[in-house]
Amino acid sequence: MKTIKELNDISTQIRRDLLRMINAVKSGHPGGSLGCADLFTALYFNILNHDPANFSIDGKEQDLFFLSNGHLSAVWYCALARSGYFPINELGTFRKLGTRLQGHPTPADEIEGVRIASGSLGQGLSVAIGAALTKKLNKENNIVYCLMGDGELQEGQVWEAAMFAAAKKIDNIIAIVDYNKKQIDGPVKDVLDLGNLNKKWDAFGWDVLEMDGNNIEEVINIINEAKHLINKSKPIVIIMKTIMGKGVDFMEDNHNWHGVAPNDEQLNKALSQLKETIGDY
Amino acid sequence: MKTYQILSNKDTRSGFGDALAELGRNNKNVVALCADLTGSLKMDAFAKEFSERFFQIGIAEANMISIAAGLTIGGKIPFTGTFANFSTSRVYDQIRQCVAYSNKNVKICASHAGLTLGEDGATHQVLEDIGMMKMLPNMVVINTCDYNQTKAATLAIADYLGPVYLRFGRPVVPNFTPENQKFEIGKALLLNEGTDVTIFATGHLVWKAIEAGHMLAEKGINAEIINIHSIKPLDKDAVINSVKKTRCVVTAEEHQMNGGLGDSIAQLLSQTIPTPIRMLAVNDVFGESGKPEELMTKYKLDSIDIVNKVNEVIEMKQ
């Protein structure tokens with residue numbers, strides 16, 4: 001089991017990795033990826049019951065993770081590579097012609113760790129529910145995780161899925177909302193206010209938890225708390241507060257870094273704030 | 001002209017429902033999902049007998065398609081059921097991303113396709129579904145002609161690994177293909193050998209093509225009639241070999257001309273052996289309320305319309 005310090009080191013390395021990847025192709029989405037680096041580190045190095053060296057689409061007897069907001073592909077690929085799903089050198093192919101690391105994730109090129117395509121928003125929770133139903137039919141006691149963006153909750157399908165999961169007692173699923181309060185066009189409250197998120201999920205019949213997504217220790221503790229609510233007839237959602245662009249001072253809490261690549265100068269400035277810990281790819 | 005006996009009059013959707021129940025008994029990985037149209041889709045038997053493998057989604061088709069994609073992860077074979085319009089145009093992006101691009105083993109089963117849905121009118125009469133589905137890479141597109149063939153197709157697609165769109169309909173129509181037939185995806189079926197023209201028909205238009213064949217025979221025209229149940233993959237060899245002999249083509253379908261079977265045949269022939277062709281299809285208009293037969297007459301999708309198109313195309317050939 002890795003210590004919190006070791007996990008923080010991995011998270012810092014992942015932040016370096018994803019910024020270098022995005023800079024190299026001058027395209028990608030650094031803001032949300034930086035904000036969620038701590039969550040991905042906690043999931044892939046502590047929380048998930050998984051087998052990175054023997055990936056299969058079916059993932060039997062393993063926990064499953066689905067990324068609904070597929071534009072966070074960069075941080076996901078980093079977590080997958082760093083935890084052993086595929087060689088870290090492949091990170092350098094991100095978004096380049098012929099890569100398995102497509103701009104948005106897809107199983108089409110058989111990249112280990114990815115089980116469904118995402119990018120067009122609002123669909124991942126439904127997919128996770130389907131996979132959770134199969135776990136139940138197969139009598140597997142594993143958990144299905146799904147990460148969504150907060151802006152993504154503006155998609156109606158999310159609420160179809162939310163209604164279904166509660167009504168049908170899909171209680172082997174933990175959904176996580178990346179609540180950084182930013183989307184492409186600006187603050188979520190200005191684009192289309194989500195209102196009281198906790199009350200909304202509660203009214204839809206979910207158990208609602210909250211956590212600071214940029215504190216690895218808290219992430220682990222709260223998800224472990226959520227695990228205790230598994231198999232108790234209700235789906236679980238964690239409203240995870242994060243800071244978009246976390247770790248790079250000039251990117252933090254600024255929606256303009258949703259989908260813009262840092263140039264070379266900006267990259268160097270960013271990397272100076274993120275110490276190389278376990279070695280660059 | 002070969003004579004086909006009407007074994008019974010049945011709706012194609014019942015072929016789907018009966019096969020689904022049979023699949024439930026024989027394949028424990030088959031699961032079914034429905035969006036509040038269980039009775040219309042004839043899924044009641046499966047739902048009753050295999051309640052733990054049947055998922056009532058409610059009126060949320062987008063959720064249904066994405067859940068179905070998720071169910072494949074771990075080895076289930078999901079069959080989704082709703083009207084053809086809600087199976088395709090309503091959920092195109094979910095199908096594109098979660099099913100086709102992700103190449104998931106989902107069977108999208110769609111009833112009440114086309115004008116023969118009848119009185120509910122154009123909101124429900126999808127005439128664009130074949131086009132939408134065939135444009136998607138990885139997607140197989142099947143449109144069956146009667147009860148027996150729909151039943152056989154439903155059984156067959158469970159054994160095929162990959163996304164399938166299976167289209168059938170609402171009305172009671174002649175059931176004339178063999179009971180317990182073997183169904184091969186991508187295989188055209190020769191119904192009548194002929195030399196003067198090839199009629200390629202799909203779905204409810206197959207029986208109309210047989211009726212037209214008899215009318216043409218009375219006038220001394222010997223029509224080759226081919227049932228195309230698999231629009232994608234298309235049986236290219238069967239199409240080309242027939243056309244090499246007859247040198248002119250009529251296509252017939254309950255669908256828009258844009259994107260339909262005729263469009264696929266024309267695309268193939270124009271790049272292999274350019275051939276005079278006439279297409280029976282709805283031509284860039286929406287349908288309307290009416291009795292199925294009235295609509296087929298008004299939109300010129302009846303056997304007499306096939307005869308008229310045959311006469312036109314034979315004249316073109318000469």
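What follows is a set of questions and answers on a predicted model.

Me: What makes the pair A:E112 and A:R100 a salt bridge?

Reply: In this predicted model, the side chains of A:E112 and A:R100 come to 2.9 Å, N to O, and because the rule asks for a side-chain nitrogen of Lys or Arg within 4 Å of a carboxyl oxygen of Asp or Glu, the pair counts as a salt bridge. Both A:E112 and A:R100 lie in the loop between α4 (73-82) and α5 of chain A, so the pair ties together parts that are 12 residues apart in sequence. The structure holds 26 salt bridges over all chains.

Me: Why is A:E112 called partly exposed?

Reply: The relative accessible area of A:E112 is 24%; because buried means under 20% and exposed means over 50%, a value in between is called partly exposed.

Me: Which parts of chain B does the salt bridge between B:K134 and B:D263 link, and are the two residues buried or partly exposed?

Reply: The closest N and O atoms of B:K134 and B:D263 are 3.1 Å apart, which means that the pair meets the 4 Å limit for a salt bridge. The pair links distant parts of the chain, with B:K134 in helix α6 of chain B and B:D263 in helix α10 (residues 261-271) of chain B, 129 residues apart. B:K134 has 15% relative accessibility and therefore counts as buried, the limit being 20%, whereas B:D263, with a relative accessible area of 25%, is partly exposed.

Me: What makes B:R167 and B:D129 a salt bridge, and where do the two residues lie?

Reply: The closest N and O atoms of B:R167 and B:D129 are 2.7 Å apart, and because the limit is 4 Å, the pair qualifies as a salt bridge. B:R167 lies in strand β7 (residues 164-167) of chain B and B:D129 in helix α6 of chain B, so that distant parts of the chain, 38 residues apart, are linked. Both B:R167 and B:D129 are buried.

Me: How do you know that B:D146 has no salt bridge?

Reply: B:D146 is buried, and the nearest side chain of opposite charge, B:K10, is 10 Å away; because a salt bridge needs the nitrogen and the carboxyl oxygen within 4 Å, B:D146 has none. B:D146 lies in the loop between β6 (140-143) and α7 (147-158) of chain B, where its side chain reaches the backbone nitrogen of B:T177 at 2.7 Å and has a polar atom 2.8 Å from the backbone nitrogen of B:Q149. Not counting residues up to four places away in sequence, B:D146 touches B:T12, B:P174, B:N175, B:F176 and B:T177.

Me: Why does B:V206 count as buried?

Reply: B:V206 has 1% relative accessibility, and because buried means under 20%, the word applies. B:V206 lies in helix α8 (residues 205-218) of chain B and, leaving aside its neighbours within four places in sequence, is in contact with B:C145, B:F176, B:L191, B:A201 and B:N227.

Me: Which residues of helix α5 of chain B are buried, and what covers them?

Reply: In helix α5 (residues 92-101) of chain B, the buried residues are B:Q94, B:I95, B:Q97, B:C98, B:V99 and B:A100. What covers them includes α5 (124-137) and α6 (156-167) of chain A, together with α3 (61-71), α4 (84-87), β5 (107-111) and α6 (129-134) of chain B. The helix is followed by B:N103, whose phi is positive, near 55°.

Me: How many residues make the contact between the chains, and what area is buried there?

Reply: The contact takes 27 residues from chain B and 30 residues from chain A, and the two chains bury about 2,200 Å² between them, 57% of it on carbon and sulfur atoms. In chain B, B:I73, B:Q97 and B:Y101 lose the most area to chain A, together 27% of what that side buries. Across the interface of chain B and chain A the rule finds zero salt bridges, but 18 residue pairs in polar contact. On the side of chain B that touches chain A, α3(B) gives the most, with eight residues, and the residues of that side divide into 11 nonpolar, 10 polar and six charged.

Technical notes
Residues are numbered from 1 along each chain as its sequence is written. Chains are lettered from A and ligands numbered from 1 in the order in which they are written. This is a predicted model: local features need pLDDT of at least 70, side-chain atom pairs count only at pLDDT 80 or more; totals for chains, interfaces and linings use all residues. Side-chain values use heavy atoms; hydrogens and water are left out. Buried means under 20% relative accessible area, exposed over 50%, partly exposed in between (1.4 Å probe, protein chains only). Helices (H or I, at least four residues) and strands (E, at least two) are DSSP runs, numbered from the N terminus. Contact means heavy atoms within 4.5 Å. Buried area is the accessible area (1.4 Å probe) that two parts lose on being put together, summed over both. A polar contact is a pair of N or O atoms within 3.5 Å; within protein, one must be able to donate a hydrogen and the other to accept it, and residues adjacent in sequence count only if both atoms are side-chain atoms. Ala, Val, Leu, Ile, Met, Phe, Trp, Tyr, Cys and Pro count as nonpolar, Asp, Glu, Lys and Arg as charged, and the others, Gly among them, as polar. Lys and Arg count as positive and Asp and Glu as negative; His and the chain ends are not counted.
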